[in-house]
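Please look over the sequence and the 3D structure shown here before reading on.

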Amino acid sequence: MDVTHETLVETAKTWGLFYLIGFSICVLVYTFWPANRERFDRAKRDILDKDDRPWT
Amino acid sequence: MGQLTTRERDVAAAILIVLAIIGIAMAVAGRADPLGVHGAIVLLYSMALMYLIMSTSFGPAPDPSRISRYYDDPIKVGVWFTLFWAIFGMFIGVWAAAQLAWPSLNFDTAWASFGRIRPAHTTGVIFGFGGNALIATSFHVVQRTSRARLADQVSPWFVLFGYNLFCILAVTGYFMGVTQSKEYAEAEWYADLWLVIVWVTYFVLYIRTLARRREPHIYVANWYYMAFIVVVAILHIVNNLTVPVSLGHAKSYTIWAGVQDSMVQWWYGHNAVAFFLTAGFLAMLYYYLPKRAERPIFSYRLSILSFWGITFFYMWAGSHHLHYTALPHWVQNLGMTFSVMLLVPSWASAGNALLTLNGAWHKVRDDATLRFIMMAAFFYGLSTFEGSFLAVRPVNSLSHYTDWTVGHVHAGALGWVALITYGSLYTLVPAIWKRERMYSAALVEVHFWLAFAGTLIYVFAMWNSGVIQGLMWRTYTEEGTLSYSFVDSLVAMYPYYIARAFGGLLFLIGAVVATYNIWMTVRGAPVVSGERHDDLPLAAPVPEGAATSPAE
Amino acid sequence: MRELLHRKLERTAIGFVLAIIVAASVGGIVEIAPLFTIDETVEEAEDMRLYTPLELAGRNIYIREGCYACHSQMIRTLRDEVERYGPFSLAVESKYDHPMLWGSKRTGPDLARVGGKYSDFWHVAHLTNPRDVVPESNMPAYAWLARTPLRLDDLGSHLQAQRSVGVPYTDEMIENAARDAFGQAVPDSEQASGVTERYGEETQVSAFDGVTTRVTEMDALVAYLQVLGRLTKAAYQNTAAPEQPPNPND
């Protein structure tokens with residue numbers, strides 16, 4: 001198969017966009033998946049609760 | 001290094017012997033070349049470290065309970081490296097700035113001329129100061145957020161000292177004229193190869209430490225550190241593919257040519273900004289900001305979204321460094337589009353940081369350390385906006401090749417990177433040296449105002465000079481000829497070059513104050529009494545009788 | 001299902017690393033891949049010459065001294081740049097440049113077409129002390145270049161390395177690299193004729209630094225500066241009009 005410059009440019013312009021959209025959807029699903037909420041909340045607070053506090 | 005067992009010392013010694021042999025080989029093969037000098041430096045460096053190991057090898061065996069504590073010794077050494085490179089890199093920067101106003105300041109020597117010390121400045125601050133700060137803080141954050149000790153005893157030292165050997169080879173090379181001329185990747189092939197080894201070790205150590213955590217979720221700061229480690233490795237390898245003239249030559253020729261090389265170079269250059277100077281420092285932001293403010297981050301979900309946004313968008317944006325050049329038009333437009341889109345995740349991060357502080361502004365007022373972090377987030381928002389703006393083609397036609405770019409870079413480097421680093425250091429230092437507080441809160445305050453004033457003076461000087469320069473170059477007379485010669489525009493720059501050097505000097509003085517303050521903290525500030533039972537790792541095997549509180 | 005997948009990704013951390021690589025690298029690949037076939041779009045230039053060994057050595061001195069930090073070699077497609085510096089730069093003109101030296105900052109003027117603009121003598125005076133010829137200049141002085149003899153013995157291996165990254169130097173060129181470098185800087189010598197034979201009639205043979213008894217780094221750097229923009233005439237044949245800079249009054 002002969003890969004020309006034109007083909008590559010076209011791939012970049014089309015599949016690049018699909019990839020962008022698909023990727024964004026995955027990230028959004030992960031972020032707002034209800035079951036993840038609890039883990040995120042725990043992560044958010046854990047670093048404050050269980051570790052040494054700053055000395056001011 | 002008091003925590004190393006005899007066996008671990010043997011491993012370290014073996015590594016150093018191999019390194020010394022490499023040094024000798026380089027010195028012999030490159031005896032007619034700067035490579036030989038670097039061989040000697042490698043040899044001396046490994047001998048010095050060998051002496052350090054030997055001189056303590058007959059001390060008492062390490063305390064077995066050390067395994068149940070965090071491994072903070074490498075972090076402490078990393079902090080000193082950070083402070084050293086900050087002063088070195090910023091001093092060279094001020095010197096280079098002064099040379100632009102007073103060109104005779106190179107004292108007619110080759111090694112001190114502008115073209116050679118300029119990369120010494122950029123490498124000194126980016127890789128020396130920034131890189132050591134990233135390594136030191138990442139060792140701290142990964143242990144605390146995973147509640148686990150570093151996974152290995154020797155490799156943290158290897159990473160730290162190996163990385164600094166890279167920095168030394170790079171910077172001494174520039175003084176001798178050894179450079180690839182690729183901006184922000186000037187170090188030659190052998191230093192680059194060495195960095196790959198160091199970086200892989202760093203990666204393995206980081207992953208292994210994360211694997212020791214109990215909590216299934218990885219805290220978001222570690223995501224940023226991991227993106228920093230992984231992507232910098234990819235960028236570094238691709239951009240530095242070269243063929244050396246011979247094994248006895250420091251000089252090499254990159255495999256990329258012309259337009260391809262320009263794209264690879266700025267793909268690297270722009271993503272070095274993204275993953276070295278942004279991702280890693282955002283990791284600091286997401287850990288040290290909540291810690292210092294004693295408030296959880298405003299929105300954890302927002303931090304995840306901006307993480308993937310930054311990881312994804314940045315890679316496309318590099319070509320905005322090449323507007324109106326021989327690079328194909330569509331690549332330029334792609335770069336411009338993604339640069340503008342990049343503003344969304346960038347401002348999400350900056351906004352997230354500032355909203356975290358909402359409701360705690362009295363702390364920002366009273367605590368200069370928190371103010372460092374707050375101001376860093378502010379400058380991050382400012383310079384990412386400016387970055388997207390400058391990436392728009394018509395704006396770029398004016399700003400490119402001028403001091404405006406330099407101003408933009410320093411709004412990011414001084415305002416964002418350096419301020420967040422010092423904010424993190426002022427939080428980190430008392431924590432790992434078990435001090436109640438910094439030696440002097442007043443000196444932190446002094447440092448803050450020096451740094452802030454220095455940044456403002458610098459950035460405003462460069463904005464002014466850049467815009468003036470850009471406009472003078474394109475101004476036409478009524479007859480349709482160019483109004484100004486190039487020299488006219490240069491003459492107009494001198495006042496700003498002097499102002500810029502002054503702003504940089506203020507920032508440098510601030511760095512010296514910080515170093516003094518940290519030095520005195522380590523030497524003298526009151527020690528926290530008793531062991532903190534909440535500052536122990538969980539995953540490690542706990543010796544009989546040691547008091548720890550297991551998770552849940 | 002997705003949930004399970006994510007948990008697994010995070011649990012192992014390695015999966016997470018892969019996700020980062022996918023997110024980060026695909027963008028770069030998609031954008032850069034077409035540039036590997038860019039040869040198809042780069043303009044043809046039949047008359048494109050190679051750097052002579054002396055010019056290549058000069059280029060390496062240009063790199064060594066960090067000249068690229070203040071001088072660009074890329075004239076953009078904007079009217080004011082074309083009028084100030086000459087026809088805008090074409091991709092073909094840097095096709096043998098390992099690495100490219102387009103630069104990113106103009107503390108000094110662009111040098112893409114500086115070749116032939118000034119005399120050898122002017123360049124030597126300017127490099128020795130820029131303020132002797134341009135009183136307002138803030139460029140460092142490079143007086144030591146004229147005092148430092150050029151290293152000739154390893155030029156062959158430089159050409160060899162260049163060939164291995166794709167620059168079409170012939171065996172004969174590699175063999176005669178040191179002779180050619182000497183000959184180009186010493187016009188009366190017997191080595192001088194070989195240079196034009198191998199690198200083309202357009203090659204400038206000259207006592208660049210004014211001294212014919214030895215070849216210095218000054219010779220090499222001036223030879224390089226004098227060839228900038230003159231390896232091909234393609235840019236002068238290009239008829240495309242430059243873009244107007246955006247006019248704020250529009």
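**Chains in contact**

Between chain A and chain B an area of about 3500 Å² is buried, and carbon and sulfur atoms give 66% of it; buried area is the accessible area, taken with a 1.4 Å probe, that two parts lose on being put together, summed over both. This is a predicted model, in which local features need pLDDT of at least 70 and side-chain atom pairs count only at pLDDT 80 or more, while totals for chains, interfaces and linings use all residues. Residues are numbered from 1 along each chain as its sequence is written, chains are lettered from A in the order in which they are written, and side-chain values use heavy atoms, with hydrogens and water left out.

**Chain A with chain B**

- Chain A brings 30 residues to this contact and chain B brings 42 residues, where contact means heavy atoms within 4.5 Å.
- On the side of chain A that touches chain B, the elements giving two or more residues are helix 1 and helix 2 (36-49) of chain A, and helix 1 of chain A gives the largest share, twelve residues; helices are DSSP runs of H or I with at least four residues, numbered from the N terminus.

**Chain C with chain B**

- Here 79 residues of chain C are in contact with 95 residues of chain B, and the two chains bury about 7500 Å² between them, with 65% of it on carbon and sulfur atoms.
- Glu31(C), Arg76(C) and Arg84(C) supply 10% of the area that chain C buries against chain B, which is more than any other three residues.
- Chain C and chain B have three salt bridges between them, and Asp33(B) forms a salt bridge with Arg151(C), with the closest N and O atoms 3.9 Å apart.

**A nonpolar patch on chain A**

- Trp15(A), Leu17(A), Phe18(A), Ile21(A) and Ile25(A) make a nonpolar surface patch of about 550 Å²; for such a patch, nonpolar side chains (Val, Leu, Ile, Met, Phe, Trp, Tyr) of residues with over 30% relative accessible area and no salt bridge are joined within 5 Å.
- Phe18(A) lies in helix 1 (residues 5-32) of chain A.
- Phe18(A) has a relative accessible area of 47%, so it is partly exposed, a class that lies between buried (under 20%) and exposed (over 50%), with a 1.4 Å probe and protein chains only.

Notes: Patch = residues over 30% accessible without salt bridge, like charges linked within 9 Å, V, L, I, M, F, W, Y side chains within 5 Å. Areas by Shrake-Rupley, 256 points an atom, 1.4 Å probe, with all protein chains shown as cover. Salt bridge = Lys/Arg side-chain N within 4 Å of Asp/Glu carboxyl O.
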